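Here are a few friendly notes to read with the model open beside you. Take the points one at a time and find each place as you go.

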Amino acid sequence: MTAFGRQAAGVQRKALLSDEIDKYADAFYANAGSRDYFLDTTRLETDEPIAPKPVIDGCDAHTFDDLRKCLGKHVTTEGARKNITWIKADPTYDGLLQTLIEPSERVAIQATEPDQKEPYKVISKVKFSGTNDFPADVVFNRNLNAIIGSRSSGKSALLAFIAHSVDPDETVRVQTEAAGHDDPRKAGPAAGKTWYDVAGISCEVEWASGEATEGRVIYIPQNSLYTISEQPEEITKKIAPALFRTYLPLKTAHDSAESKVASANAEIKAAVDDWFALADRAAAKAQEIKDLGDKAAVQAERDRLQRAIDEIKAAAKLTDEEVAKYQEVAGQLDSKRARVKEIAVELDQLSPFVTWADGATEPSTVPEAVQVTVAVRPTTMELPDSVADLVDGLKSDVTAELVTKVEKVLSDSVAAAVAERTSLLGEIQTIETESADLIAKHEANEELSGVVAEHKKQIATLEDIEKREKTRAKLVEDQKSAADTVVESLAKRDAALKALEDAFAAEERILNDLKFGIESGVVPGVVERVSAGFSQRSTNDYIKAKGDPVDYAAAQADPTKFLVALRGHKVTLNKNYEASTVAADVLTVTNEIRFSAELDSDRIGGFSLSSMTPGKQALFALTLILNESQEPWPLLIDQPEDDLDSRSIYDTIVPYLTKRKRERQIIMVSHNANLVIGADSEEVIVANRHGADRPNAGGRTFEYLTGSLEHSQDRDDTSPTVLGRLGIREHACEILDGGEEAFQKRREKYKI
């Protein structure tokens with residue numbers, strides 16, 4: 001054998017020897033760098049699995065001075081690094097043994113204390129007063145607290161009192177929802193007890209900060225995990241928070257799509273209102289033009305009168321210059337007098353907004369008569385709060401500035417109109433004075449005067465027709481623009497929804513064992529609602545057969561045709577329904593985005609009823625609840641194991657609780673040993689209801705014993721209270737179904 005071969009063999013023998021030592025050792029003194037190695041169950045040279053082992057940083061202190069310098073500190077002395085070892089257990093030998101079962105959870109080498117939480121989001125205790133039914137206080141751990149006990153022992157009542165003391169309205173709401181009725185007066189802390197019945201009992205939550213007087217909890221009463229299973233429209237609301245927490249860019253895409261859809265529908269409604277208003281105004285102008293007379297006929301009458309003037313002028317021997325001058329003067333007077341009338345109409349239109357008090361030198365605007373609304377894209381919903389605040393500030397500044405400018409325009413317009421009217425009246429008086437002889441001479445010829453007056457009337461009528469035709473043409477053009485806006489907004493809305501679906505489909509969306517999907521469609525009932533305005537006695541392009549709902553897709557495919565059909569009464573509406581309102585409702589029928597979830601080929605959500613069993617529905621709901629909130633407020637959950645099979649509890653819920661308790665405090669009522677023991681509850685609260693065979697101290701109705709799982713005590717039948725007879729571990733084995741088996745299972749899991 002070569003020297004290299006002998007060296008390699010020696011290394012291998014050392015490794016195998018190290019593995020043999022590893023097999024017989026329970027824990028290791030080492031530094032933080034070795035922790036992950038000894039937690040690895042595949043670390044042996046062979047394929048043989050091995051239990052994870054706790055790693056404790058050895059102090060290697062040779063003197064008491066060394067011990068004092070390094071104890072509880074992260075320090076470097078003479079090149080050696082000393083670390084703090086944190087052990088989560090009672091300071092007993094049993095507590096130390098507990099680290100062998102859960103080494104990754106119970107032992108950490110780091111400078112800061114593990115599992116730290118914001119103290120104002122941790123309940124340290126609850127205090128009762130005004131009653132002898134409950135103890136003065138119950139203390140809680142900041143991680144996982146399990147409340148156990150026999151039936152009617154006060155477990156759920158304790159949880160409900162905590163929730164109610166933090167947020168009574170929300171507690172009543174979720175209790176009412178879980179109970180399946182709509183009477184909040186029936187809600188209460190226990191069966192047969194409402195909150196009105198226990199109004200004299202005071203329960204006060206004390207937060208770990210010692211200063212917080214308000215907070216929040218997420219309270220899940222018993223049976224509330226099943227209330228959403230038959231409500232597809234509610235599933236998206238449940239899925240969204242958990243989905244967005246896992247996939248943050250998806251939330252941005254969702255919020256943007258919702259904002260764009262809402263903006264597009266608002267634009268559609270406004271454009272439809274504008275279209276009908278413009279159509280009414282254009283029709284009114286057309287009627288005004290019709291009332292003035294046919295344009296060609298008026299032109300013919302004007303020309304006939306001109307010929308009559310020429311004939312009368314020749315017979316009366318009036319010079320061309322005199323007739324021409326008179327017609328010019330008459331035209332000027334008619335034009336100026338017509339403008340004076342127009343000014344009177346304009347001032348009347350402006351009077352609601354501008355006043356001119358007697359004796360005032362200038363007009364003033366009516367307070368708050370001018371209103372300005374500024375719309376901005378992107379909307380504040382699409383922006384971070386800090387940016388949204390800046391945009392809102394700009395909107396406020398622009399709004400105030402625009403109000404001031406509009407008020408000035410209105411005041412200036414009134415002042416200008418009054419000045420113009422004064423000027424015109426003066427000009428009319430001047431013309432009448434300077435041309436008095438000419439006017440008198442022509443008025444003396446009664447026949448000529450009458451024909452000239454009629455001729456001027458036809459000219460004025462033609463000018464009025466042409467003016468109104470221009471106004472109507474502008475209204476028709478604006479009406480077309482409003483219809484185009486509807487088309488554009490429909491396209492923007494569809495694009496926003498498509499962008500969200502594409503963003504969702506960009507990657508597989510999975511949370512634990514749940515696979516999420518996305519669907520879009522019109523919510524059931526919406527089409528029926530918007531169809532209520534259509535008469536069912538006649539058919540048309542949008543009601544294909546009597547009794548059919550409106551074909552909203554056809555309307556949205558060609559909005560202009562739909563609007564024209566409604567206004568032209570080609571579509572009959574029921575009494576008291578406005579065409580503009582019906583049109584806006586139909587054109588804003590929008591596909592809604594819904595999320596769905598799939599678990600073991602069963603699905604829930606979307607637009608169909610769930611195919612999941614009650615157990616899977618509960619697992620689905622609990623998965624979302626445990627993942628829905630970014631803010632780690634305490635989670636209060638009452639018997640999550642109901643209707644869940646043991647495998648789901650141990651394989652899914654236990655890992656959830658183990659992970660989530662690092663992020664937030666959990667207070668759980670449970671009868672299930674796998675949940676209480678398998679999730680390594682940091683504190684167990686044993687509840688007992690006073691009875692002849694189960695006495696409490698002082699005869700108190702409810703009593704609670706708190707402690708850790710490793711707390712053990714031999715039976716003491718001399719104890720005057722039932723809770724004092726056993727340790728936490730023994731109570732758990734006695735109360736929980738399969739308690740002893742659960743303790744054994746945890747040991748076997750790590751080959752202990």
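1. Start with Gln458, which is buried at a relative accessible area of 9%. (Buried means under 20% relative accessible area, exposed means over 50%, and partly exposed is in between, with a 1.4 Å probe and protein chains only.) Gln458 sits in helix 14, residues 446-505. Leaving aside residues up to four places away in sequence, Gln458 touches Val298, Glu301, Arg302 and Leu305. (Contact means heavy atoms within 4.5 Å; helices are DSSP runs of H or I with at least four residues, strands are runs of E with at least two, and both are numbered from the N terminus.)

2. Before going on, please keep in mind that this is a predicted model, where local features need pLDDT of at least 70, side-chain atom pairs count only at pLDDT 80 or more, and totals for chains, interfaces and linings use all residues. Residues are numbered from 1 along each chain as its sequence is written, and side-chain values use heavy atoms, with hydrogens and water left out.

3. Next, look at Leu292, found in helix 9, residues 248-292. Its relative accessible area is 29%, so Leu292 is partly exposed. Which residues does Leu292 touch, not counting residues up to four places away in sequence? They are Val298, Thr461, Asp464, Ile465 and Arg468. Leu292 and Ile465 are 173 residues apart along the chain, yet their C-alpha atoms are separated by 7.0 Å.

4. Now for a pair of helices. Two packed helices are described by the angle between their axes and the distance between the axes. Helix 6 (residues 155-166) and helix 7 (residues 168-179) have axes that come within 5 Å and cross at roughly 130°. (Axes are lines fitted to C-alpha atoms, for helices over the stretch in contact, and angles run from 0 to 180 degrees between N-to-C directions.) Helix 6 and helix 7 are therefore oblique to each other. (Angles under 35 degrees count as roughly parallel, over 145 as roughly antiparallel, 65 to 115 as roughly perpendicular, and the rest as oblique.) From helix 6, Ala160, Ala163, His164 and Val166 meet Pro168, Thr171, Val172 and Gln175 of helix 7. Sorted by class, this contact has 5 nonpolar, 3 polar and no charged residues.

5. What about the nonpolar cores? The largest one has 61 residues, and those with the most contacts inside it are Ile239, Phe516, Phe595, Phe620 and Met668. (A nonpolar core is a set of buried Ala, Val, Leu, Ile, Met, Phe, Trp, Tyr and Cys residues joined through side-chain atoms within 4.5 Å.) Helix 19, residues 614-625, gives the most to this core, with 7 residues. Another core lies apart from it and has 34 residues, including Phe128, Val166, Trp207 and Tyr219.

6. Helix 18 (residues 579-587) is worth a look too: 7 of its 9 residues are buried, so it is largely enclosed by the rest of the structure. Those buried residues are Ala579, Ser580, Val582, Ala583, Ala584, Val586 and Leu587.

7. Finally, two loop residues. Asp115, in the loop between strand 6 (107-109) and strand 7 (123-129), has a positive phi near 55° without being a glycine. Ser152, in the loop between strand 9 (144-149) and helix 6, is not a glycine either and has a positive phi of about 60°. Ser152 is partly exposed, at a relative accessible area of 49%.

Definitions and conventions. Nonpolar A, V, L, I, M, F, W, Y, C, P; charged D, E, K, R; others polar.
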